[in-house]
Amino acid sequence: MRNFRQASIQNQILILATFLVVLVSVVATAMEPYIYGRHDRGFQNGLFAARAAMVAEQFAQAGSAQDEVTVLKRAAALGVGVEKLSLEQPFAGKQQMVSPSELVARINTMLADNIFAAFHRFVIGQSHPDVLTVRIDDKRALVFQLPVFPSYVWFVPAAASGFLKIVIPLVLLAYFSSWLITEPLRHFAVAAKRASMEGSWEKPFEPDGAAEIRSLAESLNVMSDRIQSMAEDRTRMLSGVGHDLRTPLTRLRMRAERSGEPELRSLMLADIATLSFMIDECLAFFKDASTAETDRKVDISSLLQTIATDFSDMGVDASFTGPRRLAFVCKPRALTRAITNLVDNASRYAKQVEIDLQESDDGGIKISVGDNGPGLTDEAKAKVLEPFFKVDKSRQIGAKGGSGLGLGLPIAKGIVTKAHNGQLTLLDRKPTGLVVVIDLPAPHGIQPGGSPSIPSSH
């Protein structure tokens, strides 16, 4: 079985086609007697002809009218429909009659088991039986009513035979063939989804199935290795560039601090600080530190309360609303960075920032970061999560910054979706403002539970 699954698709189809021929032959040989043996029309036709000949012979030997009636009753008991016909009647001469010696041959001819004749009778139907008139002597004749077999006697066995020999084997074989070919492809889809969520591309595709599919898996693994290598090379290059840039920035900061002009010194130090922040932000985006952090159980309420308190200490009107204590399994440092980026981004364009925490019925959590700023247009919502996209033109009212690279929201999205398998959504806040909603699914092994929501602010 393993060798068959690993064979080429061409060989698999050839083997399955051969198996179909063998299967049809075996089923036909085994089922044919049971299908047609119960409705052997040839045997029934011969039996009827023999009984009709016996009735004609006994009727010819009858010496009285009472004997003739007795013979007709016996024929009825045997299932032979027959009536006496007097040749003295005016219309009797128009009947087409055969002699008793020709009776058997004529019945066999009229009731020949021909599949085309049977199909013809099935299509047009047959309401009245055929009759055959046999001349006994110059004064007497018998009219035999030939049996009409029901349509199902031919149609049902033929349909059953076709289903058992052709349809059912083909359906089973088609299902097995499709499963054999598509099952490795489904594994590919699952592996690709898992790799994209976990952020790991180290040989995600298992070489299994047909030869062509195994070759595809090996090619995809090689491609993923190259992508991983390119990403690592990019991260190392940017880390090296960032490290090298910090040295001249440090010298510039030292020289600026020795400047004798206070106004120029202040401007130079601000530009140097902006450059340092941009370098750190860019490195944080290209090097996702959340992949190296392990999940652990923390008090998510305390974590969010701490973020709100820290921003309040820096002069930002930030508040937290949620349960007093709520245990949740996550990557705390990565999640802290994501929420911090959201609050920092909101504080640039709004005067108030609200952090709200709710527990879902399935054990997950919902974190909302809302502000009372001017909000975003629908077009800006679709682009704001892209790296290096700045929305200063859309959110100018109350803006305090805008010198960054626009990486705060993309970094937060990466932490939510990749590191926590969650979802980040941008919504409008009434009457004005923006709400960033984070939905994190319930971690495995943690039962739902929490405390009632009690608002607190700082």
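Trainee: What is the average pLDDT of the protein?

Mentor: Keep in mind that this is a predicted model. The protein's pLDDT averages 76, and 74% of the residues reach at least 70. Residues 393-405 stay under 50, and for them the model has 37 contacts beyond four places in sequence. Residues 445-458 are also below 50, with 32 contacts in the model beyond near neighbours in sequence.

Trainee: Which residues touch the most other members of the largest nonpolar core?

Mentor: They are I300, L304, I339 and I355, in a core of 41 residues. Helix α11 (residues 332-347) supplies the largest share of this core, seven residues. Take L304: setting aside neighbours within four places in sequence, L304 contacts F320, I339, I355, L357 and I367. Another core, of 19 residues, lies apart, and its members include F48, A52, F59 and L103.

Trainee: Is N221 buried or exposed?

Mentor: Buried means under 20% relative accessible area. N221 has 6%, so N221 is buried. This residue sits in helix α8 (residues 211-257). N221 is 16 residues from F205 in sequence, yet their C-alpha atoms are 6.2 Å apart.

Trainee: And why does L172 count as exposed?

Mentor: Exposed means over 50%, and L172 counts as exposed because its relative accessibility is 55%. L172 belongs to helix α7 (residues 152-198). On the surface, L172 is part of a nonpolar patch with F163, L164, I166, V167, I168, L170 and V171, and together they have about 680 Å² of accessible area.

Technical notes
Residues numbered from 1 in each chain as written. Predicted model: local features only at pLDDT ≥ 70, side-chain atom pairs only at ≥ 80, totals over all residues. Heavy atoms only, no water. Patch = residues over 30% accessible without salt bridge, like charges linked within 9 Å, V, L, I, M, F, W, Y side chains within 5 Å. Areas by Shrake-Rupley, 256 points an atom, 1.4 Å probe, with all protein chains shown as cover. Salt bridge = Lys/Arg side-chain N within 4 Å of Asp/Glu carboxyl O. Helix = DSSP H or I, 4+ residues; strand = E, 2+ residues; numbered from the N terminus. Buried < 20%, exposed > 50% of the residue type's maximum accessible area, 1.4 Å probe, protein only. pLDDT = per-residue confidence, 0-100. Contact = heavy atoms within 4.5 Å. Core = buried A, V, L, I, M, F, W, Y, C linked by side-chain atoms within 4.5 Å.
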